[in-house]
Each structure stands twice: as C-alpha cells, then as structure tokens.
Amino acid sequence: MQSVGFDAPGGPDVLAIQTSPLPRVRPDDVLIRVAYAGVNRPDCLQRAGAYPPPPGASPLLGLEVSGEIVAVGSEVPREMIGQYVAALTPGGGYAEYCAAHWQHCLPVPEGMMLSEAAALPETLFTVWHNLFERGLARDGESVLIHGGTSGIGTMAIMLAKAFGLTVIVTCGDDAKCAAATRIGADFAINYRDQDFVEAVLEHTQGKGVHVVLDMVSGDYVARNMKCLADDGRHVTIAVLGGAKADLNMAVVMMKRLTLTGSTLRPRSDAFKAALADEIADNAWPLFADGELSPVMDRTFPLAQAAAAHARMEAGDHIGKIVLEVAGG
C-alpha cells in the first residue's frame with residue numbers, strides 16, 4: 001500500500017510517499033480502507049522525533065481515520081465488514097489501509113461526510129475524557145480553554161456549550177477570537193494584547209473559572225491557577241510551552257485545587273473501548289443528528305502531508321486539517 005513516512009526525524013519536508021506492507025490485523029482489529037486521515041499535533045511531534053509510538057503501534061503517523069471496514073480479526077463480529085466508521089488508532093492513519101481495534105470505532109451516520117468523520121475521534125476522545133471525566137465539568141460551570149481555534153479547542157468549545165458550560169478561550173489574534181466566538185465561545189481573549197489572567201478575573205467578577213483545559217503548560221500553569229475558582233480543576237493535555245512548571249503549592253491548598261492531566265495514545269485498549277462506549281452514549285448522537293459538526297480547516301491530498309504539517313505548525317489553521325486518501 002501507499003503511505004507517508006520519513007527516513008529521519010525533521011521538519012515537514014521529511015515526509016514523503018512510500019510503499020509499506022499492509023497492516024497486520026490482530027484478532028480484535030478491523031482493517032479499514034482509509035478515506036481520510038486526521039492531522040494532529042502529536043503527528044508533528046512524532047515526525048520531529050519527540051513523540052515515539054507506543055510499543056506495538058504502527059510506526060506510521062496518523063491517530064484517526066474514516067473509511068470502510070474491509071476485513072476483520074477472528075474476535076470481531078463479521079457483520080462489521082462493509083461498515084463505514086471513524087476510528088481512533090495508535091498510529092498508521094497516513095496510509096491506504098489502517099488497522100484499528102474494533103471497539104475504538106464509531107459508526108459514520110448517514111449524512112456525515114467522511115472528511116468530517118476523520119476529524120472527530122482524536123479530539124473527541126481527548127476532550128471528553130479530560131474535560132468531563134478528569135475535569136469533572138458539569139452544567140452551570142465555566143471553563144477556560146487555551147488554543148481556542150485549534151482542533152482540540154474548537155471541539156472543547158462545542159462540547160462544553162452542548163453540556164451547559166460557560167466558555168472562555170484564548171487565541172493569538174483578533175480574527176481567531178472572532179472565529180472562536182462564532183463557534184460558540186462566550187468570551188475570547190487575544191493573549192497577545194491582553195493578560196489573560198486579568199481578563200478572566202474581570203469577566204468572572206473575580207470568581208474565576210471552575211476548569212482550565214491547558215495545552216501550553218510551562219509558565220502558564222501558575223497563571224492558570226490564578227484563574228481558577230476555589231475547588232477548581234486544572235487539566236493538562238499537552239506541554240507545548242514546556243514540561244516544567246514552578247508552582248506555589250500553598251495556593252493549591254488554600255484554593256483546594258486539583259491538578260491533573262493525561263495522554264490518550266498509550267492508554268490500554270480496554271480503557272479506550274470504555275471511553276468509546278461512553279462517547280457513543282453521550283456525545284456521538286450530537287454529531288450523528290447534525291447538532292454538532294467538526295470545524296474544518298483544510299483538506300490536503302495524502303501526498304501533500306508535508307504541506308498539512310507546515311500549516312499546522314504555522315498556527316494559521318482554524319479547526320481540523322485532514323488528509324484525503326481514497327476520498328468519498
């Protein structure tokens with residue numbers, strides 16, 4: 001099959017079309033003829049040599065795909081053959097065929113474009129687990145989301161609003177702030193022009209927010225803590241600004257804060273299957289009914305994966321970038 005790979009870590013230009021063997025299908029896997037593959041920040045980190053795949057995962061990039069199931073493992077219901085699914089994968093999406101655990105697949109409903117289906121699993125699984133399970137966000141609370149127009153940010157805005165939260169976001173310019181507001185954010189802060197801590201506290205009349213969903217880390221953590229209300233929850237999902245933070249733990253004690261975070265890719269198949277079940281019951285119907293749909297940025301042919309990575313790393317995108325493989 002054709003796939004995208006690289007001989008050595010580096011910038012986007014190391015990515016190139018190559019020939020790879022078909023994926024090995026384990027007993028609990030399905031084999032998907034890929035229609036579209038989502039592009040995510042971890043793909044860029046892996047390409048740069050900073051995020052190796054977990055043991056047993058495909059060395060190819062790509063954490064989410066949409067497409068048709070063309071073969072199944074011995075422990076998978078055979079009636080899944082021929083179904084169109086959106087699948088979370090531990091790797092291998094940038095290819096004509098991709099293997100995924102059968103319980104990490106969600107059915108593509110009639111009327112949903114396959115390009116949109118490929119844009120959902122990674123951000124949906126990540127946001128659902130971190131905002132609602134780890135962050136314990138609930139109706140009537142407020143959340144601060146950094147990177148409001150990223151794939152994660154746009155998904156977090158939509159889900160938070162769908163479940164009754166007040167949403168504050170940070171973005172890098174006024175155009176992105178306007179876009180975040182159109183997507184549903186109640187208040188958008190241009191962090192280049194305004195101190196987001198002051199803006200959050202002013203907007204909340206000094207009360208702060210109940211949850212911070214943070215993909216920056218580094219020196220943002222101490223600033224985020226100033227934005228949190230008493231009993232607030234700080235959830236780290238990426239460390240784009242640095243992995244270390246200097247914290248005043250007395251503040252944690254006085255405000256009874258919870259600091260948590262997670263990475264999705266190395267979690268067990270059983271955990272991801274349980275997460276998929278919860279999403280299928282609670283969030284997937286919102287997309288199946290058309291109440292919500294992913295915010296789409298641009299679609300690139302598989303052979304232009306380098307251009308897709310360059311766009312993501314430039315930070316100009318609003319929403320999801322996907323690669324067209326077989327299309328449809």
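This is a predicted model: local features need pLDDT of at least 70, side-chain atom pairs count only at pLDDT 80 or more; totals for chains, interfaces and linings use all residues.
1. Helix α3 covers residues 121–134 and helix α4 residues 151–162; their axes come within 9 Å and cross at roughly 55°. That angle makes α3 oblique to α4.

2. Which residues bring α3 and α4 together? On the α3 side they are Thr123, Leu124, Thr126, Val127, Trp128, Leu131 and Phe132, and these meet Gly151, Ile152, Met155, Ala156, Leu159 and Ala160 of α4. Sorted by class, this contact holds 10 nonpolar and 3 polar residues, with no charged ones.

3. The second pair to look at is α6 (residues 196–203) with α7 (residues 220–227), where the axes lie 9 Å apart at an angle of about 15°. Angles under 35 degrees count as roughly parallel, and α6 and α7 are therefore roughly parallel to each other. Here, too, a handedness can be given: α6 passes α7 in a right-handed crossing.

4. As for who touches whom in that pair, α6 contributes Phe196, Val197, Val200 and Leu201, while α7 contributes Tyr220, Arg223, Asn224, Lys226 and Cys227. The contact of α6 with α7 divides into 6 nonpolar residues, 1 polar residue and 2 charged residues.

5. Now to the cysteines: how many disulfides does the model have? The count comes to 0. A disulfide needs two cysteine sulfur atoms within 2.5 Å. For Cys98, the closest cysteine sulfur is that of Cys105, 9.1 Å away, which is too far for a bond. Cys171 is in no disulfide either, and its nearest cysteine sulfur, in Cys177, is 4.4 Å away.

6. Are Cys98 and Cys171 buried or exposed? Cys98 is buried, with a relative accessible area of 1%. Cys171 is buried as well, at 2%.

7. Finally, a word on Ala99, which you will find in strand β6 (residues 97–101). Its relative accessible area is 16%; since buried means under 20%, Ala99 counts as buried. If its neighbours within four places in sequence are set aside, Ala99 is in contact with Pro23, Arg24, Asp29, Val30, Leu31 and Thr89. Gly73 is also worth a glance: Ala99 and Gly73 are 26 residues apart in sequence, and their C-alpha atoms are 9.9 Å apart in space.

Notes:
Residues are numbered from 1 along each chain as its sequence is written. Side-chain values use heavy atoms; hydrogens and water are left out. Axes are lines fitted to C-alpha atoms, for helices over the stretch in contact, and angles run from 0 to 180 degrees between N-to-C directions. Helices (H or I, at least four residues) and strands (E, at least two) are DSSP runs, numbered from the N terminus. Angles under 35 degrees count as roughly parallel, over 145 as roughly antiparallel, 65 to 115 as roughly perpendicular and the rest as oblique. A crossing is left-handed if the near helix is turned anticlockwise from the far one by less than a right angle, and right-handed if clockwise. Contact means heavy atoms within 4.5 Å. Ala, Val, Leu, Ile, Met, Phe, Trp, Tyr, Cys and Pro count as nonpolar, Asp, Glu, Lys and Arg as charged, and the others, Gly among them, as polar. Buried means under 20% relative accessible area, exposed over 50%, partly exposed in between (1.4 Å probe, protein chains only).
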